[in-house]
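Reader: Here's a model I'd like to go through with you, one label at a time. Could you show it and tell me what stands behind the labels?

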Amino acid sequence: MIEIVTGMGTAGGDLDGALRQMLEHTPDVMFLLRPDGVCQGVSPSIRSRLGYEPAAILGTRPQVISAVDRDRAAQALGDALRGKLPHLTVDLRVDRTDGSALEMTAGADLWWDDDGDLVGWVVTLRDRRGGAADRERLGTSEQRFRHAMQAPPIGMCVVAADGTFLTVNPALCDLFGLDEGALLASDWRELTHPDDLDTDLSLMQEVLAGERDSYRLLKRYLRSNGAVVWGDLSVSCARDADGAVVQFVCQVADVTAQRRAEESLARSEERYRSLVQHMGDVVIVLDDGVISWASPSIGWQLGGTTDDWVGVDVAQRVHPDDRDQVAVIRQRLATGESVRATVRLRDHDGDYRWVEGVATHPADEGDGQRVFSLRVVDETVARENALRRIAGEDSLTGLSTRRELHDRLHRVLTDQRHGGRPAVLFCDLDNFKEINDQHGHGVGDVALAGVSDRIRQEIRTNDFAARLGGDELVVVLQGVHRVTEAAEVAEDIRRAVARPLDVPGASIVEVTVSIGVALADDDEDVDTLLARADKALYQAKSRGRNQVAVALPETGVGDLRAPHTRSEGR
């Protein structure tokens with residue numbers, strides 16, 4: 001029988017599919033016949049309609065027409081063959097296996113090649129007792145084969161074993177830019193791109209040799225105007241009883257736009273890959289926080305190789321002081337936001353490096369995937385810190401500037417993470433103008449720097465001191481619970497400053513300091529707190545200098561004359 005082979009690509013409605021569907025599901029009796037009348041395919045409905053087993057019909061010349069109508073049927077067929085007609089219809093009686101006969105209408109579609117030779121035919125038998133409606137359905141059934149070729153939007157054709165076109169559909173004509181007549185007169189080999197011809201010929205030879213029954217090939221064709229089009233070609237074959245190929249059934253889907261898009265995408269991906277491979281910045285991909293891919297530049301930025309970094313949990317490499325910031329970054333990324341940040345990351349050698357990066361959450365990836373582009377910015381951070389120190393640090397004493405004092409004190413007042421409250425010690429060097437006048441400003445500057453050093457030695461690392469200008473200094477203590485604690489520190493500073501200073505060019509210089517102390521009240525702002533400490537300083541000076549005075553909310557200002565020692569815990 002005709003062997004209907006799958007592999008026709010994506011075509012719903014291709015020729016093989018149509019034949020198979022008609023044979024398997026038609027309620028009519030259908031035969032697929034070779035030119036010599038031998039049956040190559042028969043519909044299962046022959047069993048219920050006429051009582052014959054399909055297997056008994058295959059490979060034979062079906063003898064189902066009643067004897068009384070055989071001559072008339074033979075004459076109608078002869079007329080069709082002599083006139084090379086594509087179709088004929090005749091009413092006749094058909095014998096059933098139980099001895100009865102049915103009044104049926106026989107319709108035949110005849111296939112002719114360009115040389116006028118018959119290459120096969122399809123015969124459909126329909127019970128005439130159904131009336132006009134059934135006859136109309138019969139005509140529809142007979143047209144299905146023709147529609148299977150003509151209707152699909154993809155190119156289809158039947159090709160003889162020698163490679164000549166037997167039938168082509170409009171979509172194939174459009175693909176090649178030829179009308180039907182010009183395409184039928186063409187040879188498919190002439191329409192194939194030279195670079196793909198050998199592959200196609202080799203596959204066809206395998207079919208002709210019986211080594212395969214079908215094949216599929218992505219190949220290029222040449223249009224009539226010389227343009228190249230890409231086609232997704234699917235080929236199956238029909239064989240005779242001896243296994244020789246009678247014809248090829250081909251389907252060609254135009255995939256030129258798809259192919260060009262794929263080539264463009266491939267070029268774009270290659271450009272992107274080359275860019276990433278050679279760019280100085282590091283690109284890493286994280287899956288649930290673990291590096292799944294890293295660009296080669298990670299080696300000279302952070303040390304090691306890409307293999308050393310793949311599988312690393314980045315959170316474990318982040319500096320502990322920066323982990324809260326990273327947690328915020330993750331929250332922002334979860335909303336789809338792109339985030340820029342600068343954090344410290346431990347490199348391959350175990351040293352922390354400042355890295356600046358941009359993190360994104362790819363829209364087409366899973367919830368756990370992130371892409372980071374980063375670079376080491378140690379030098380940049382160092383320069384920025386230096387500039388901040390220059391802007392916020394007094395060049396003579398190394399203490400904070402007035403502006404830096406206001407900014408830091410404001411932060412301390414609004415962020416009480418240390419417990420307790422901040423306290424301000426307002427300091428003024430006593431009669432410091434006399435030192436400048438007696439020894440010169442150079443000695444005065446050295447003395448002022450020495451006093452600043454002694455003050456730094458008396459406060460903790462989380463406390464800080466600032467120079468307001470001239471010989472006015474301010475100390476800010478954090479985490480103070482009682483004003484007496486601050487007063488004790490002020491007294492320690494007073495005593496430390498009072499020790500003689502050995503200044504080159506002036507031998508011994510003696511300096512004293514007056515200090516006003518104020519402990520911050522609830523919701524007190526910077527200016528108010530400094531003003532209270534300044535008022536206390538004024539009281540200390542008015543009482544003879546080299547003293548400590550405390551601003552007490554209940555009683556105004558008190559003085560502290562007796563020596564004190566620091567409380568436990570400072």
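Author: Let's start inside. The largest cavity is lined by 17 residues, and Cys157, Trp188, Tyr221, Leu233 and Cys250 lie nearest its centre. This is a predicted model, where local features need pLDDT of at least 70 and side-chain atom pairs count only at pLDDT 80 or more, while totals for chains, interfaces and linings use all residues. Residues are numbered from 1 along each chain as its sequence is written, and side-chain values use heavy atoms, with hydrogens and water left out.

Reader: What makes a space a cavity rather than a pocket?

Author: On a 1 Å grid over the protein atoms alone, a cavity is a set of points where a 1.4 Å probe fits but cannot get out; a pocket is an open set with protein on both sides within 12 Å along at least five of seven lines. Lining residues have an atom within 4 Å of a point. Points are joined across faces, edges and corners, and the volume is the space filled by probe spheres set on them. The search of the whole structure gives 4 cavities of 30 Å³ or more, and the largest holds about 160 Å³.

Reader: How many nonpolar and charged residues does that lining have?

Author: The lining has 15 nonpolar, no polar and 2 charged residues. Nonpolar covers Ala, Val, Leu, Ile, Met, Phe, Trp, Tyr, Cys and Pro; charged covers Asp, Glu, Lys and Arg; the others, Gly among them, are polar. Among the elements that each supply at least two lining residues are helix 6 (170-176) and strand 8 (214-222). Helices (H or I, at least four residues) and strands (E, at least two) are DSSP runs, numbered from the N terminus.

Reader: Why is the pair of Phe176 and Tyr221 called edge-to-face?

Author: Rings of Phe, Tyr and Trp (its six-membered ring) pair if their centres lie within 6.5 Å; planes under 30 degrees apart are stacked, over 60 edge-to-face, the rest tilted. The count comes to 1 aromatic pair. Phe176 and Tyr221 are 5.2 Å apart, centre to centre, with 80° between the planes, so the pair is edge-to-face. Phe176 is in helix 6 and Tyr221 in strand 8, 45 residues apart.

Reader: Are those two residues buried or exposed?

Author: Buried means under 20% relative accessible area, exposed over 50%, and partly exposed in between (1.4 Å probe, protein chains only). Phe176 has 3%, so it is buried, and Tyr221, at 5%, is buried too.

Reader: How do you know that Arg259 sits over the ring of Trp230?

Author: The rule wants NZ of Lys or CZ of Arg within 6 Å of the ring centre and within 35 degrees of the ring normal. The charged end of Arg259 is 4.3 Å from the centre of the Trp230 ring. Arg317 lies over the face of Trp309, at 4.7 Å from the ring centre.

Reader: What makes a set of residues a nonpolar core?

Author: The members are buried Ala, Val, Leu, Ile, Met, Phe, Trp, Tyr and Cys residues joined through side-chain atoms within 4.5 Å. The largest core has 35 residues; Leu425, Val475 and Ile493 are among those touching the most other members. Helix 18 (483-498) is one of the elements giving two or more residues, and its share, 7 residues, is the largest.
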